Structure formats: C-alpha cells, structure tokens
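Q: I'm new to this one. Can you walk me through it?
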Amino acid sequence: MPPCQYRTGKMLGSGTYAIVREAIHITNGGTFACKIINKQLMEGREHLVRNEIAVLKRISSTHPNIVTLHDYFETPRNLYLCFDLCTGGELFNRICSQGHYYEGDAAALVRTILTAVKHIHDANVVHRDLKPENLLFRTQDEDADIMIADFGLSRIIEEEKLNVLTEVCGTPGYMAPEIFQHKGHSKPVDVWAMGVITYFLLAGYTPFDRNTPKEENAAIAAGDYRFEPEEYWVNVSETARDFIRACLTVDPAERPTAAKALEHRWLASPTPHFVPDPTSLTGGPTDLLPQVKRAFDAKLEWKKLGAGIKALNRLSGRWSSTHRLGAEADEISEKVQQLKNESEREVMEVRRFRL
C-alpha cells in the first residue's frame, strides 16, 4: 500500500456517521477539510458515500461557489474525503458579525447561491439539503466566496427520470411539501429551500416554525406561512416578499426553476430593492441587522429551553418503565462514539478506491 499523503489536524465537526478534521498534505502543505467516515457505521450504506463522490466529481471543480472534492481514498477502517477547507464560517454567523446588513446584501447572497444551484441543476443534480448551515465562506476575507457544501443527500438525476426520488430526506423546516407526499421529487425542492433561506435571511427565523414537528410538517404541506410579526417585516420590500412567495409555491410544477427565479426583479434589477430608513436624511435602505439578530437570538434561546426540558424528561424517565429503552439508546450512542474514536486513531495506510 502507498503511504498516506495527509496528516490530520484539529477537529472541525462531527456527524452521525463521520467526523471532520483538518488535513494537511504532506508534500505541498495544502490544508483541507477531511471527512472521515467509519465503514462499520456506514455498513450497507456505502453507496451513499460513492454517490456523494460521483455528484462532486460532476459539479464541484466547475463552479467557484461549490465546495470542491480534491481527493478520496479508503483504509481498512475508514473512507476519507478531502474538501476545500472553508474558514470563513457559516452564513448567518458571518452576517451577525457585521456592523450592518441591508436587503441588498441579502439579495446579493441569494443571487450568488441561486446561481450555483442553477449550475447544479444544469448538471442534473439535486442537492436536497440546502440550508444556512451548509452555506460557508471560503475565507475570513470580506469579499470571500460563499460556498454550497455537504452533498451527502444529493442525487444525480436524468432528465427523463425526474420524479424517481421518493424517500423522505433533508432538514425539517427546509423540506418541500412534495417530499412528504412520496409521489416523487426533484430539482424544485432546492428552489423551495431557497425560499425558506431567503425568508430566514430577511427575518432571522424560518417561515414554518411551529411547536411540534407534526405541526411544522402540516404547515409546510399546506404552504401555511405569513410575513409576521409585522415588526420583523415592515422594513422588507414587497418585491422581496413576492420572490419568497414564488419560491414557496406548494405545487412543484408551478414553482419557478432556479433559472426563472434568477430572473425575478428582486434579483435581476440593476438597483437594489429596499424600504427607506425613516431616520435617514438621504433615504437610504433600512439596516435589517438589529431585527434579524433579535429574532435569531430569541429562537436560539427557545431551542435551548426546549433542549433543557427534554434533558429533564430523559432524566426523570430513567426511573420509569422506559428505563430499559433509555439504557439501550445510551449503549448504542456509546458504541457509535467508540467507533468514531477508533476512526480518529487509525494509521492511514491508504488504498485508493473506484466508484
């Protein structure tokens, strides 16, 4: 076996089946994000990894706003995927760190992301998990590219078979209605997700937030959302709202394509749309950052409270009849963590693998 060409560094993140570490190429010193996937955890699902590789080989090196897959290989224990190392942080964190944020800034971000989505769709790929957490900046530089990442749920689809994807997948809150209906879904799910992302970028919360997952799913299926509370939308133009309405069309056949959405006047107009700041002497745009941050922080606190309540319920449940199930779940969780830990310690004796 050839020696490994990479040395792993600090931990960057962790998911259900994998961990992500910084990786340094021994020869040229290049730095990458290395996704380390434990084979035992992925047993029976290896096709998902190979699908992700096939998708990225088709699209990633041909667009500046799509994360590039630079290398992939396997060892007896793990699969390794080496991507661009994006150090500029997640989309919303970047916005909140700025001193101001205008509707024109949101439109510019959506235009860039949607242009990359169009590129993906033109290559007959559907992403299926577009959300702010999967939108990363390449560097800390002010003019850094924003990148679409995480193609683990993406699929290659051929034009004559656009309605063959039927499994429920994605992130709650960003999933399109047709995903729940099991009738087949395709590229329009990404346009729906762009509508949710745009709503979030302008208000700081998502349109289908509800108290329970069941209520949230019902709201998505019905397209039940409003531009409320009004205090969060009073400074957002009607043109922006119209763009969101178009993307959140319940019927996927009536929903605009990515190419058509880019022609919407909110994105295509040479001058930005905005609500003038009533305190501005020049009639400039209103700064959306205070309201957006306030809504986002409030939602974050609510989630923390919910997590705390769930933790208390689990603690009290240890003395209930569900104790055995809780113990089994803990055992499974410990096993998964053990396998991840073993993955980290592996000596990388590399074997290239083919699709």
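A: First a term: two strands pair if DSSP finds at least two bridges between them. Helices (H or I, at least four residues) and strands (E, at least two) are DSSP runs, numbered from the N terminus. This is a predicted model, where local features need pLDDT of at least 70 and side-chain atom pairs count only at pLDDT 80 or more, while totals for chains, interfaces and linings use all residues. Residues are numbered from 1 along each chain as its sequence is written, and side-chain values use heavy atoms, with hydrogens and water left out.

Q: OK. Which residue in S5 does Glu-74 stand opposite?
A: Glu-74 stands opposite Leu-79. S4 and S5 (residues 78-84) run antiparallel and are joined by 5 bridges.

Q: And in what order do the strands of the open sheet come?
A: The order is S1-S2-S3-S5-S4, 5 strands with antiparallel pairing. Strand S1 (6-14) and strand S4 (69-74) are at the edges with a single partner strand each, so one side of each has no neighbour in the sheet. On average, neighbouring strands are turned by 25° against each other, direction ignored. Axes here are lines fitted to C-alpha atoms, for helices over the stretch in contact, and angles run from 0 to 180 degrees between N-to-C directions.

Q: What packs on the sheet?
A: Helix H1 (residues 46-59) does, touching strand S3 (31-38), S4 and S5. Contact means heavy atoms within 4.5 Å. The direction of H1 makes about 25° with that of S5.

Q: Switching to H6. Which of its residues are buried?
A: In helix H6 (residues 213-222), Glu-216, Ala-219 and Ile-220 are buried. Their directions from the helix axis to the C-beta atoms fall within an arc of 100°, so they line one face of the helix. Buried means under 20% relative accessible area, exposed over 50%, partly exposed in between (1.4 Å probe, protein chains only).

Q: What about the other side of H6?
A: Lys-214 and Ala-222 are exposed there. The buried residues pack against helix H4 (177-181) and helix H5 (188-203).

Q: Where is the cis peptide bond?
A: Between Glu-228 and Pro-229, with omega about -5°. Pro-229 is in the loop between H6 and helix H7 (238-247). Most residues other than glycine have a negative phi, and most peptide bonds are trans.

Q: What is phi for Asn-124, and is Asn-124 buried or exposed?
A: Phi is positive, about 60°, although Asn-124 is not a glycine. Asn-124 is buried, at 12% relative accessible area.
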